[in-house]
Amino acid sequence: MSQHGFLSGSIAAFTHALQHALESEELARSDGWLQRLNPRVKLVGLLALIVATAASRKLSVVLLIFAVALVMAMASRVQWKTLLTRVWLPVLGFTGVIAVPAIFLTPGEVFWRSPFGGVHVTHAGLRAAAMLVSRVETAATLSTLLILCTPWTHVLKALRSLHVPVEIVAILMMTHRYVYLLIETANEMFVARQSRMVGRLDAAAQRRVATRTGGVLLGKTVQLGEEVHLAMQARGFRGDVRLLDEFRMAARDYAALALLLGITAAALYVGH
Amino acid sequence: MHIPDGYLSPATCAVLYGGAAPFWYVSLRKIRRRLHTRVIPLLSVFSAFSFVIMMFNLPLPGGTTGHAVGMGVTTVVLGPWGSILAISVALTIQAFFFGDGGITALGANCFNMAIVGSLVTYVVYRSIAGRSPLTSRRRMFSAAIAAYVAINTAALFAAVEFGIQPLLFKDAMGAPLYAPYPLSVAIPAMMIGHLTFAGAAEAIITGGIVAYLQRSDASLLAPFSGMAAEGAVTDARTPILGRLWAGLAALMLLTPLGVLAVGTAWGEWSVKDFADAASRERIAAASQHRALPAGVPEGLHRLSSAWTAPFPDYAPQFIKSEPFGYMLSAMFGVGLILAVLWLGRKFLLRGGNTP
């Protein structure tokens with residue numbers, strides 16, 4: 001690891017998260033099929049498709065849901081490159097590593113036997129690996145579409161339609177807001193530390209820098225919590241949470257909900 | 001350890017959502033009582049802190065880097081109930097907005113990391129730290145060890161969830177439908193990484209931050225240290241915990257329902273079952289009509305006399321009523337477990353009284 005590797009690694013992670021958020025917000029404001037729908041319809045419809053993907057016992061059904069996700073992505077102007085770099089390649093890298101050994105380790109009828117040694121591929125292993133990879137890719141594509149095509153605050157507010165308590169939704173919304181503030185704060189601390197480093201730090205010193213920064217961040221978090229609480233009280237907060245519900249259902253939303261739930265019902269029926 | 005969508009069956013996900021729900025409810029009730037109007041702002045910023053701490057790139061011994069979950073430090077400062085909520089909220093934001101962990105698997109991830117992680121951290125931390133001073137090295141090491149044990153326990157839960165998938169969910173041809181590896185592969189594969197790198201990352205970040213707080217602002221460690229009047233010591237006597245005890249008692253009273261089950265559980269046959277013709281037929285039917293050995297298996301016969309349980313078949317022989325025998329056995333079993341836990345805690349805390 002380079003002398004600044006651990007600092008650069010953290011800074012890169014913070015920058016990536018902020019960049020990811022900015023790109024998502026930008027795409028969510030663009031004009032497309034999913035973007036025009038009511039957030040509650042998107043949340044319920046896409047979650048239903050994710051559940052159908054998880055419940056299906058047939059590879060063909062999972063692949064059909066994946067095809068539906070691709071059509072929705074095209075209709076919503078989500079670039080293939082975005083899905084490739086954000087979802088498909090990372091998921092393939094992670095799940096592929098887990099799935100490949102299953103091709104050889106899963107017991108069952110032998111599909112191919114290696115001429116060198118006792119390695120063999122089984123039919124059951126191939127099916128298990130294909131099922132796992134396609135299922136994870138499809139579910140990840142659907143959840144990414146939800147986020148790329150909906151402003152994040154709308155997604156959180158739409159959670160009320162799933163009967164998530166209003167307090168929890170309020171906490172999620174505030175967390176979402178302060179995540180960026182704390183990422184920015186942590187990023188500044190790491191950059192400030194990096195700019196003052198002229199020599200090499202041994203591993204123990206690097207760990208001390210990282211944990212001290214975490215400790216300072218914790219102190220700032222407590223302070224921030226108190227300040228936010230006082231500010232809320234100054235504005236008259238007495239513990240009751242109210243959220244404005246600005247979502248209105250249009251005919252297009254009902255049609256889209258019927259379509260997505262119809263596909264889900266068909267997938268659940270055929271998939272079993 | 002963030003389980004993505006597709007690795008666990010919907011049934012497993014539903015069970016873990018159901019398992020997590022009472023903990024979320026109890027946590028929210030307890031935290032609301034302690035913090036009043038502070039609940040929303042304080043939990044929000046702590047959830048944001050947990051999220052950010054998960055992104056820290058931590059140098060580990062051996063030249064590699066790792067990431068912590070943050071369950072250790074959050075529990076030490078916020079207590080187990082606050083930590084359950086803060087980590088759950090952070091995991092929700094990660095799942096929905098950063099694709100780290102699945103949405104259907106969110107209940108499982110919260111159960112493993114937020115609930116099991118926070119509760120194990122708290123029990124181990126309080127047990128080892130005892131009543132040592134807030135600024136003692138023992139308290140710092142307690143937090144680090146607690147975080148290490150907690151992340152490994154959470155990983156073990158995740159490994160078991162993975163490992164039971166191929167046992168329970170296969171297609172018509174016998175191919176696993178979800179995570180494909182059995183427990184014998186899933187547990188070592190998961191634990192090797194957590195006993196080494198992930199465990200080290202969690203222990204270092206927790207111990208390091210606690211050491212920093214001991215020097216800069218030890219008061220942050222006070223509320224759940226066992227040294228203050230408020231906190232978990234008084235929480236243990238709140239009505240909500242009382243209701244959990246009542247729930248446990250109700251479950252014990254419901255144990256006679258077990259006698260409604262017909263026959264013997266698969267694999268729990270006795271020598272007598274193998275000798276009886278009617279029982280043999282039932283065993284064969286439950287085993288896909290595979291041929292049974294002609295007589296009582298030699299190993300079963302030999303080992304069956306090695307140990308005689310005090311309550312065979314969950315009913316002491318002197319009790320004639322089977323439901324009452326079931327209930328008594330349940331009370332005895334739960335009481336025995338609680339007594340062992342109580343004695344263990346008493347023993348550990350006695351050690352902690354002498355800092």
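**Group meeting: a glycine, an interface and a core**

Hi everyone, let's start with one residue: setting aside neighbours up to four places away in sequence, Gly125(A) touches Ala102(A), Ile103(A), Phe104(A), Leu105(A), Thr106(A) and Gly108(A). Before I go on, please keep in mind that this is a predicted model.

Where does Gly125(A) lie? You'll find Gly125(A) in helix α6 of chain A, which covers residues 123-148. Is Gly125(A) buried or exposed? Gly125(A) has 26 other C-beta atoms within 10 Å, so it counts as buried, the cut-off being 20 or more.

Now to the contact between the chains. Chain A puts in 67 residues and chain B 57. On the chain B side, the elements giving two or more residues are α2 (39-53), β1 (58-59), α3 (71-97) and α7 (183-216).

Last, the core. The largest nonpolar core has 165 residues, and those with the most contacts inside it are Leu145(A), Leu43(B) and Val52(B). Which element gives the most to this core? That's α3(B), with 17 residues.

Let me finish with Leu43(B). Again leaving out residues up to four places away in sequence, Leu43(B) touches Ile171(A) from chain A, together with Ile31(B), Gly82(B), Leu85(B), Ala86(B) and Val89(B). Thanks, everyone!

Note on methods:
Residues numbered from 1 in each chain as written. Chains lettered and ligands numbered in written order. Predicted model: local features only at pLDDT ≥ 70, side-chain atom pairs only at ≥ 80, totals over all residues. Contact = placed C-beta atoms within 7 Å. Helix = DSSP H or I, 4+ residues; strand = E, 2+ residues; numbered from the N terminus. Buried ≥ 20, exposed ≤ 12 C-beta atoms within 10 Å, placed from the backbone. Core = buried A, V, L, I, M, F, W, Y, C linked by C-beta atoms within 7 Å.
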